[in-house]
Amino acid sequence: MDNSTTDIPYDVQKLHKEALRNGVLNSTQASSLLGGQSVKEIIVNNCYTPLSASVSEEAGLEENEAWETLEALISREFAAGREGCKVQLCGGVGVGKTTAVQQLIWEWATDSLLQHYALLLPVCQRTLCTNDQSLESLLLSTHAHLSAEALASALQRPQSLLLVVDGLDHFQDLLSESPPSDTLVSDPQQPAGGAVLLHSLLEGSLLPGASVLLTCREAVLLESLQCVHLLGFSKAQRRSFFQQFFNNEAEAEQVLCHCEKVVGVDELFRCPAFCWTLCCVCKERVPETLTELCCAVTHTLLQEHGVNVETSKQLLCGLGKLADHCYSQAHAHCSTAEVISCGLQPFLGSSVLSAFLRISRDDISSPNAILSFLSPVFQEFVLAVFFYIDQSALRVGQDEARILEGGPDMYQMFLAGLSDPAQRKLLEASIGQLSSGRLSEFHQWLISLVVEVLPGFEKEKHCCVFRLLHHARSPTLVRETVGACKWRAVSYAGLQVLDYAGLVYVARCLGEMEHLNLYRSELMDMQAQKLIPALHLAKSINLCQSRLSSGVIVHLARAMMDGRTTWLDLSSSVLSVDALKILCLSLTHSNLHTLCLRTCSLTPACGEVLGKMLSDSKLCVLDLGGNDLQNQGLNQLIGALGTSSCRLQDLSLDHCSLSGECIALLSSALSSSLSELKKLNLNRNQLAEDTLELLSQALQTSRCSLSTLQLFDCELTDSCCPSIAAILQSHNCCLTELDLSVNELDQPGALLICDALKSPRCPLEKLCMSNCGLTEQVFSALGSVLESGTSRLKELVIGIHPVRDAGAKHIWKALKHTHCKLQHLDLEMISLTDACMDELCEAVAASNSLTTLILKNNRLTDISVPRLVKLVQDHALIKELNLQYNNFSEDVFDLMDTCPNIQY
């Protein structure tokens, strides 16, 4: 024992500790519904479960590294050598503040904790609200066992004192209303009001060096006060509480897991009072929902007090009015007069009222009495019951905007739960049938909410609807509303646990989901596990730009196996080789048709994994663009293309660090009679010119069925053009789409291709040659192709060439020809001017096929706009005229706005 404690006589300390122990032993306070455990039972029987707390306001609802045990935090804050420490312990109703303080008092009184304090002095919060008195007289009235001389002596050594003020929940004004500094007192014998005494202690003018611990619901911002946020049970602490209650580890685990799954509301499970009530109910029957739990509690309490149906309804109606009154006044407590005004006067002398309400000050008959609901959750519940049994209650949708912006509160969720006959069964056994008119009103309101919200873009509003539908537990309602409306697939990244539960419930009721959008998710293992049913039922899943742990991939793979998913996009989500193995293994037992793995940081080592998957899956489309596969990775993958079990038809290898060396193997696979590949994207790879000859030979064989070849920015030159021309003129050529953009083909090579396009055997329907060094002569040759009568071209993209109006005139001329079949023409950035307007308008007007014309990034000015607007308005065939990034002023914007088919 240090020097500070020896200043207080041993017999005084011993007497005081004995008095504090007796105070705990004589305590009968129970703070939860269904009675709860008294403080005495918890502490004396060693049943106290440690709580979690944090000094960080940002600790949040999710358990994290900022959480620590309250005991460790208190020991640190009030450690020896930290005289004058002032701490406020903040937390909601039922979170365990009072029990924690009593445990602290017990441990000090039994020589277990904080023994460097000579005296621990609890301060009665009620005495602070009486007439002016001195701190010394206030303490003497609380601790009658101490003599005035002994207390006065102790107060002269404030650094050895710890004062504890518990229960300021209903006296928050004592803290929040700071008195003027000149009214603060410094003499323990000087009379003052409670607020002055309290602030004098906290500011250090009274008993400088004394330590203070006080509890309240909401934090008060005072510079002298360190705030400790009481968070309740962590997951491990909650498990310990359940195991202690049931005295059977297996049963406790089973009940806890079930309740966490079906009841939800994670913040409630952190509340010791709620856990006690839940455990009591679960001993008889495990509830399926939070609504069912509250109905069971109400039924039990009414049965235990022998209240008949008519009286029970009257009681619940009065409690509902009281809850409504507290809600409208934004107060957590009320007076006896307010209780009477709500029709509860017949119950003032009845024990059944104290089963629902806590009396915090004086006797209930006193005009100064302060009452509050034992549980804020139950306050919301009786408010919802009130809606269904009294026509004067609030309308369900009166604050709909707030509901949708902040998510449904407990009141709306209880309204939804009570609309389900199964959940309200026990309640109706106690108070009679709920109003059918009110049930219908809520049902219609929920239907209109679903139809209004789900076609919209706001994720929070979607989640609100999911939660309400989940609580209503009506599959028919889900099918009739969600199944019939245009549900917009917004991203559901970052949802809370309850939101995932609601989403999964809706998916299960529908039996399938068209699209599950989880774009930019940061899924944890537990979240992914809860989402498995929705993942299993979704036809398409978007997980682009998501952070996925290996555990999440395991759950995703599990959902893919024998699931409904045919389309999965994991683009820009980093995948390790091991994660890819897990995923690919499941795909061999899935219905997946399309897999997008763009920029997933795949390496050459992934090629073998992908190849094995392709050899034994139903996959038809695979996008591997933006991965550093290199030739090594592609070589391992290509082996699967020529096997009888591979069904791949569309392969994208865009920007995969490939070179011409891999073309030989790729050409061999394309020539195989077993290959079903129709589309091949080799964009932005450095393909050697001599190896393109091998690809040409493969495409000219009768066994190759490739219809789309993309070679954008592959460093090709005019020396490749003979090979390309040979493909187009081959009897066996199946190509209908060819992209050669951003390659230096120049005039000689391009003219060779133009000659090939005139061949009756050329099947090409779409040709892209933007930024290929084309000249006016090439544009002339292309015009001849379009007029030839043999060309099948429907789409032509030849922008980014400075051919000006002179080059474009050849295309305008071709458009007027009856043989021209062009539907889409892209002439971006070819330096068109207003001077071409006559030829342009005449050509477009004469065309009987053109629907889309792209003229972006040219030199057109305001003078051309009236003619272009009239052209589009007069010719319904034109669905899109793109004029973006020309030299237009704001003066013509309104005119272009009159034509919705013009983009500018």
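This is a predicted model: local features need pLDDT of at least 70, side-chain atom pairs count only at pLDDT 80 or more; totals for chains, interfaces and linings use all residues.
Start with helix α2, residues 10–25. The helix has 16 residues, and at 1.5 Å a residue they should span 22 Å. The end C-alpha atoms are 22 Å apart, which agrees. The buried residues of α2 are Val12, Gln13, His16, Lys17, Leu20 and Val24. They cover an arc of only 125° around the axis, so they sit on the same side of α2. The face turned away from that buried side carries the exposed residues Asp11 and Lys14.

Helix α14, residues 290–304, passes the length check too. Its 15 residues should span 21 Å at 1.5 Å a residue, and the end C-alpha atoms are 21 Å apart. Its setting is described by its burial. In α14, 12 of the 15 residues are buried, so the helix is largely enclosed by the rest of the structure. Among them are Leu290, Glu292, Cys294, Cys295, His299 and Leu302. At the start of α14, a side-chain oxygen of threonine 289 comes to within 3.4 Å of the backbone nitrogen of threonine 291. After the helix comes glycine 306, with a positive phi near 60°.

Positive phi also turns up in a loop. Most residues other than glycine have a negative phi. Aspartate 111 is not a glycine, yet its phi is positive, about 60°. It lies in the loop between α5 (97–109) and β4 (119–123). Leucine 114 is found in the loop between α5 and β4 as well. Its phi is near 55°, again a positive value in a residue other than glycine. What about burial? Aspartate 111 is exposed, with a relative accessible area of 52%. Leucine 114 is buried, at 7%.

Now turn to helix α4, residues 70–77, where glutamate 71 is placed. At 24% relative accessibility, glutamate 71 counts as partly exposed. Leaving aside neighbours within four places in sequence, glutamate 71 is in contact with Tyr48, Pro50 and Leu51. With tyrosine 48 there is a polar contact, side chain to side chain, at 3.2 Å. For a sense of scale, take leucine 622. Glutamate 71 and leucine 622 are 551 residues apart in sequence and 56 Å apart in space, C-alpha to C-alpha.

Next come the charges. Side chains of opposite charge can pair when their charged atoms come close. The whole structure holds 23 salt bridges. One of them joins glutamate 77 to arginine 82, with the closest N and O atoms 3.6 Å apart. Glutamate 77 is buried, at 7% relative accessibility. Arginine 82 is partly exposed, at 38%.

Another bridge pairs aspartate 499 with arginine 467, and here the closest N and O atoms are 2.8 Å apart. Aspartate 499 lies in helix α25 (residues 497–510) and arginine 467 in helix α23 (residues 459–472), so the pair ties together parts that are 32 residues apart in sequence. Aspartate 499 is buried, at 8% relative accessibility. Arginine 467 is buried too, with a relative accessible area of 12%.

Glutamate 514 and lysine 539 meet at 3.5 Å, N to O. Glutamate 514 lies in strand β11 (residues 513–517) and lysine 539 in strand β13 (residues 538–542), so the pair ties together parts that are 25 residues apart in sequence. Glutamate 514 is exposed, at 56% relative accessible area. Lysine 539 is partly exposed, at 29%. Salt bridges that share partners join Glu512, Glu514, Lys539 and Arg564 into one network.

Threonine 565 lies in the loop between α27 (550–560) and β15 (567–569). It is buried, with a relative accessible area of 1%. Its side chain reaches the backbone oxygen of leucine 535 at 3.2 Å.

End with aspartate 420, in the loop between α20 (410–418) and α21 (425–431). Which side chain of opposite charge is nearest to aspartate 420? It is arginine 424, 6.1 Å away. A salt bridge needs the charged atoms within 4 Å. Aspartate 420 is buried yet has no salt bridge. Its side chain does make a polar contact with the side chain of glutamine 423, at 3.1 Å. Not counting residues up to four places away in sequence, aspartate 420 touches Ala472 and Arg473.

How values were computed:
Residues are numbered from 1 along each chain as its sequence is written. Side-chain values use heavy atoms; hydrogens and water are left out. Helices (H or I, at least four residues) and strands (E, at least two) are DSSP runs, numbered from the N terminus. Buried means under 20% relative accessible area, exposed over 50%, partly exposed in between (1.4 Å probe, protein chains only). Lys and Arg count as positive and Asp and Glu as negative; His and the chain ends are not counted. A polar contact is a pair of N or O atoms within 3.5 Å; within protein, one must be able to donate a hydrogen and the other to accept it, and residues adjacent in sequence count only if both atoms are side-chain atoms. Contact means heavy atoms within 4.5 Å. The expected span of a helix is 1.5 Å times one less than its number of residues. The arc is that of the directions from the helix axis to the C-beta atoms.
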